[in-house]
2 protein chains.
Amino acid sequence: MKYIQPLARLIAELSKLPSVGEKTAARYAYAILDAPESDAEALIDAIKDVRENVHFCRICGNFTEGDICEICATRKPTTICVVKEPRDITALEKVKGYTGVYHVLHGVISPIDRVGPDDIRIKELLARLDGVEEVILATNPDVEGEATAMYIARLIKPLGIKVTRIARGLPEGSVIEYADEGTLMRALRSRIEL
Amino acid sequence: MKYIQPLARLIAELSKLPSVGEKTAARYAYAILDAPESDAEALIDAIKDVRENVHFCRICGNFTEGDICEICATRKPTTICVVKEPRDITALEKVKGYTGVYHVLHGVISPIDRVGPDDIRIKELLARLDGVEEVILATNPDVEGEATAMYIARLIKPLGIKVTRIARGLPEGSVIEYADEGTLMRALRSRIEL
């Protein structure tokens with residue numbers, strides 16, 4: 001397709017968003033072009049605002065507007081839940097039962113992507129274990145997440161701190177018939193007595 | 001979900017894009033936050049560029065950076081293809097067989113949406129019929145598009161100008177913007193005189 005230069009440029013930039021192809025980017029570009037002037041300006045301002053005013057919490061690595069995030073500022077750091085990314089905190093906070101703090105690794109160990117233990121925030125985690133009673137490893141239940149959890153567990157367990165891993169099993173509301181073998185095996189193995 | 005204010009704001013703005021819900025908007029927001037500084041700036045610049053430098057062609061109503069679009073500047077206006085929106089031109093130009101010019105109505109007659117003949121660029125079309133041999137009505141093959149085509153045909157046919165309608169090779173209720181080239185080509189070739 002041939003677009004005039006400013007449109008082609010905006011479509012190219014929007015195509016960089018996750019799972020956005022040229023057709024979707026073109027739809028967005030036309031919408032931005034058709035929108036009221038105030039909407040276009042609000043979008044630009046919001047992008048600027050996010051880039052300028054969202055930082056990582058100095059303690060846990062979560063997104064924050066200030067120096068320390070609201071969670072670190074208000075909760076007792078006796079339990080630390082370790083996650084891959086700040087967005088995982090948003091998901092876990094929906095549960096509401098958890099009252100501890102978090103630690104964002106900003107990545108997971110992945111030899112294929114050349115990400116080693118020193119490339120993620122493991123040192124920073126080790127540096128804040130004073131007085132900590134439990135470390136919950138809540139990395140994703142995939143190969144890299146599992147390897148990262150095992151690596152961290154081996155470092156922390158010798159310090160006499162309780163180390164746990166979030167449970168793996170059948171997702172709530174799922175159907176056994178369609179569950180994959182790995183999930184079913186894990187669900188069977190970690191069955192709990194009623 | 002609870003997001004810090006700048007993120008919540010960006011998610012709200014991105015949710016205004018077509019078919020973008022909160023979850024998709026959040027994915028985009030995180031991507032914009034994670035992107036290199038140059039990418040975020042390029043996106044902002046591209047939005048500004050589109051808003052500041054894309055205008056409507058003075059003659060046909062197509063998108064243009066200048067006063068007159070490239071098509072109007074270079075082609076003989078003996079055949080005018082009438083479309084609803086500038087994006088329809090992008091789609092029709094892919095066919096390559098068409099060598100005439102366009103006229104963008106910037107809407108279609110739609111009593112439900114309170115859009116009458118005077119609200120779209122019909123007067124402007126009538127004003128440029130001098131020397132025109134054929135007017136191809138290429139509005140969408142839906143109720144409004146069909147009604148608009150019939151309305152325009154009734155105005156122009158008495159002037160002794162050939163008026164055609166793109167063939168209904170297009171699936172009923174579909175949108176020109178997303179039609180495949182083959183279907184569009186067939187629709188153009190088998191246009192019928194009204």
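Buried area is the accessible area, found with a 1.4 Å probe, that two parts lose on being put together, summed over both. The exercises below apply this term to a predicted model.

**Exercise 1.** Determine how much area is buried between chain B and chain A, and which residues of chain B lose the most.

*Solution.* Step 1: the area buried between the two chains is about 5100 Å², and carbon and sulfur atoms give 65% of this area. Step 2: on the side of chain B, the residues that lose the most area to chain A are B:Tyr28, B:Ile47 and B:Arg51, together 13% of what that side buries. Step 3: in terms of contact, 49 residues of chain B meet 48 residues of chain A.

**Exercise 2.** Describe the polar and charged pairs between chain B and chain A, and state which element of chain B gives the most residues to the side touching chain A.

*Solution.* Step 1: there are 8 salt bridges between the chains. Step 3: polar contact links 19 residue pairs across the interface. Step 4: helix H3 of chain B gives the most, with 14 residues. Step 5: by class, this side of chain B has 27 nonpolar, 5 polar and 17 charged residues.

**Exercise 3.** Identify the residues that touch the most other members of the largest nonpolar core.

*Solution.* Step 2: helices H1, H2 and H3 of both chain A and chain B each supply at least two of its residues. Step 3: among the residues that B:Leu10 touches are A:Leu43, A:Ile47 and B:Ile32.

Notes. Residues numbered from 1 in each chain as written. Chains lettered and ligands numbered in written order. Predicted model: local features only at pLDDT ≥ 70, side-chain atom pairs only at ≥ 80, totals over all residues. Heavy atoms only, no water. Contact = heavy atoms within 4.5 Å. Salt bridge = Lys/Arg side-chain N within 4 Å of Asp/Glu carboxyl O. Polar contact = N/O pair within 3.5 Å; in protein donor to acceptor, adjacent residues only side chain to side chain. Helix = DSSP H or I, 4+ residues; strand = E, 2+ residues; numbered from the N terminus. Nonpolar A, V, L, I, M, F, W, Y, C, P; charged D, E, K, R; others polar. Core = buried A, V, L, I, M, F, W, Y, C linked by side-chain atoms within 4.5 Å. Buried < 20%, exposed > 50% of the residue type's maximum accessible area, 1.4 Å probe, protein only. Lists of a residue's contacts leave out its neighbours within four places in sequence.
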